[in-house]
Amino acid sequence: MNILIVYAHPEPTSLNASLRDFSVQRLQAAGHSVQVSDLYAMQWKATVDSGDNLAHEPGTPFHISPESKYAFENGLQSPDIAAEQAKLMWADAVLFQFPLWWFSMPAIMKGWFDRVYAYGFAYGVGEHSDRRWGDRYGEGKLAGKRAMLIVTTGGWEQHYGPRGINGPINDLLFPIQHGMLYYPGFDVLPPFVEYRVRAMDEARFAEVSGRLGERLDTLATATPIAFRKQNFGDYLIPSMELHPEVAPGQTGFAAHIA
Ligand SMILES: Cc1cc2nc3c(=O)[nH]c(=O)nc-3n(C[C@H](O)[C@H](O)[C@H](O)COP(=O)(O)OP(=O)(O)OC[C@H]3O[C@@H](n4cnc5c(N)ncnc54)[C@H](O)[C@@H]3O)c2cc1C
């Protein structure tokens, strides 16, 4: 497979860097082709601005979505955006690796999504009408590709358990896994989350990388999270609410998983 790792950590000697290096070696040893977008090392520009559309007229208002669409459709995107989109189209699977910062991804990675996920590429794809609300949530340009999060936390596993004070990890990751990965079409594999990583030594690192290695070995075969598809009857169109007969009485994130 072709595998892209989108990686966000500023420190080359960090635990995350060691885990990334481990992943690259493991995947290459298994015969996969690997590319890494190391966002800090690339000095990735995290903020959307008018420079993202090479055709933007200086001094005129910057209309973000229409300009994103125009630049995407006319080959006028900033080259760094186009290069990341090309990597996504090349990849069969994409790993997003980051330390959990304030219950989400580091800002530099959020800025990668803000900029790379152009109008016409990740959203605004397909027919939008009263009968059909675009190709998203199970369809889209990235359909057929797999994605998985690799996340480290300072907090304990129990803190992220069903009744833990931080909230369940799957709830915290829902906006990323459902909103940012499933939305443009990825099949999203269960995340690899390593908790309480400050307490790390060589023995634990060997154990953690063993478990991570098993997840990497099964990237092509693991069962994705069963997020419900948008256009196949589970949702009413155009209200986009779950059909009354689907998961009756259930609300919240879990209702969107079959
Ligand atoms: C801005 C910010 C916000 C945060 N928000 C949250 C939050 O919302 N929730 C939460 O739970 N946590 C939070 N944290 C904690 C954060 O998630 C952890 O600090 C992070 O996951 C640790 O990953 P790291 O790669 O930086 O680890 P490092 O600090 O680099 O390393 C962790 C430990 O692993 C050891 N280590 C490193 N490499 C190896 C190796 N090769 N072999 C063996 N041991 C090794 C190090 O010596 C260290 O003891 C936050 C931290 C910051 C800075």
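A salt bridge is a side-chain nitrogen of Lys or Arg within 4 Å of a carboxyl oxygen of Asp or Glu. The exercises below concern a predicted model, in which local features need pLDDT of at least 70, side-chain atom pairs count only at pLDDT 80 or more, and totals for chains, interfaces and linings use all residues. Residues are numbered from 1 along each chain as its sequence is written, and side-chain values use heavy atoms, with hydrogens and water left out.

**Exercise 1.** Describe the pairing of Asp114 with Lys110.

*Solution.* Step 1: the closest N and O atoms of Asp114 and Lys110 are 2.9 Å apart, and the two residues form a salt bridge. Step 2: both lie in helix 4 (residues 107-116), four residues apart, and are separated by about one helical turn; helices (H or I, at least four residues) and strands (E, at least two) are DSSP runs, numbered from the N terminus. Step 3: Asp114 is partly exposed at 40% relative accessible area, and Lys110 is partly exposed at 37%. Here buried means under 20%, exposed over 50%, and partly exposed in between (1.4 Å probe, protein chains only).

**Exercise 2.** Determine which parts of the chain the pair Arg20 and Asp38 ties together.

*Solution.* Step 1: the side chains of Arg20 and Asp38 meet in a salt bridge of 3.0 Å, N to O. Step 2: Arg20 belongs to helix 1 (residues 15-29) and Asp38 to strand 2 (residues 33-38), so the pair ties together parts 18 residues apart in sequence. Step 3: Arg20 and Asp38 are both buried.

**Exercise 3.** Name the residues of the salt-bridge network and state the total count of salt bridges.

*Solution.* Step 1: the network links Lys45, Asp49, Asp52, Asp80 and Arg115. Step 2: the count comes to 17 salt bridges.
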